Amino acid sequence: MKPSSVRDGIKKNLSTIKGLRCYDIIPDLPQPPAAVVGQLDFTFDLNNSRGLDQANLDVYVLVQRHSERSAQDNLDKYLQGSGDYSIKAAIESDLTLGGACNTLRVTSAESGTYLAGDVEFISYRYRVTVWGQGE
């Protein structure tokens with residue numbers, strides 16, 4: 001499983017959400033609304049022979065804070081479990097990421113903030129677990 005291919009695949013899946021800017025690298029200053037695919041944390045050799053690795057990564061979805069109400073409403077539409085703006089549904093729309101992994105699962109979403117430069121965005125952090133062949 002190649003980390004850059006996993007990030008590329010998740011970005012491609014997220015790009016199906018209308019109006020959402022997607023980054024497969026961590027940008028200096030993302031332009032909201034945006035999804036930022038983070039780095040992968042690896043657990044190697046789940047079956048002891050380079051046959052299966054597991055990676056965990058975060059995907060941050062962030063919006064600009066114009067006003068508290070409108071920002072939160074805008075962010076909340078991405079938290080739905082299904083539908084046109086669902087981050088979970090978009091990421092899981094191709095479970096193999098075009099062959100980059102065996103399967104994946106969005107396991108949680110946590111509210112918070114995302115700091116880029118001197119700008120603070122409100123955000124959700126989605127936790128994604130990916131399984132794939134060891135290389």
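The entries below go from strand pairing to salt bridges.

**Entry 1: the model.** I noted at the start that this is a predicted model.

**Entry 2: strand β3.** Is strand β3 enclosed by the rest of the structure or open, I asked, and why? I found 10 of the 11 residues in β3 (residues 53–63) buried, so this strand is largely enclosed by the rest of the structure.

**Entry 3: neighbours of β3.** I looked up the pairing next. Strand β2 (residues 34–43) is joined to β3 by eight bridges, and the two run antiparallel. Strand β5 (residues 119–132) also runs antiparallel to β3, with 11 bridges between them.

**Entry 4: strand β1.** I then turned to β1 (residues 21–23), which pairs with β2 in the parallel sense over three bridges. Here Cys22 has Ala35 in β2 as its bridge partner. Ala35 in turn stands opposite Val61 in β3.

**Entry 5: salt bridges.** How many salt bridges does a search of the whole structure find? I got five.

One of them joins the side chains of Arg127 and Asp41, at 3.8 Å from N to O. Arg127 lies in strand β5 and Asp41 in strand β2, so this pair ties together parts that are 86 residues apart in sequence. I checked accessibility too: Asp41 is partly exposed, with a relative accessible area of 47%, and Arg127 counts as partly exposed at 23%.

Arg127 has another partner, Asp58, with the closest N and O atoms 2.8 Å apart. Asp58 sits in strand β3 and Arg127 in strand β5, so here the parts tied together are 69 residues apart in sequence. Is Asp58 buried or exposed? Its relative accessible area is 12%; the cut-off for buried is under 20%, so Asp58 is buried.

**Entry 6: Lys88 and Glu92.** I also looked at the salt bridge between Lys88 and Glu92, where the closest N and O atoms are 2.9 Å apart. Lys88 is partly exposed at 29% relative accessible area, and Glu92 is partly exposed at 22%.

**Entry 7: the network.** Which residues do salt bridges with shared partners join into one network? I listed Asp41, Asp58, Glu110, Arg125 and Arg127.

How values were computed:
Residues numbered from 1 in each chain as written. Predicted model: local features only at pLDDT ≥ 70, side-chain atom pairs only at ≥ 80, totals over all residues. Heavy atoms only, no water. Buried < 20%, exposed > 50% of the residue type's maximum accessible area, 1.4 Å probe, protein only. Helix = DSSP H or I, 4+ residues; strand = E, 2+ residues; numbered from the N terminus. Pairing = 2+ DSSP bridges. Salt bridge = Lys/Arg side-chain N within 4 Å of Asp/Glu carboxyl O.
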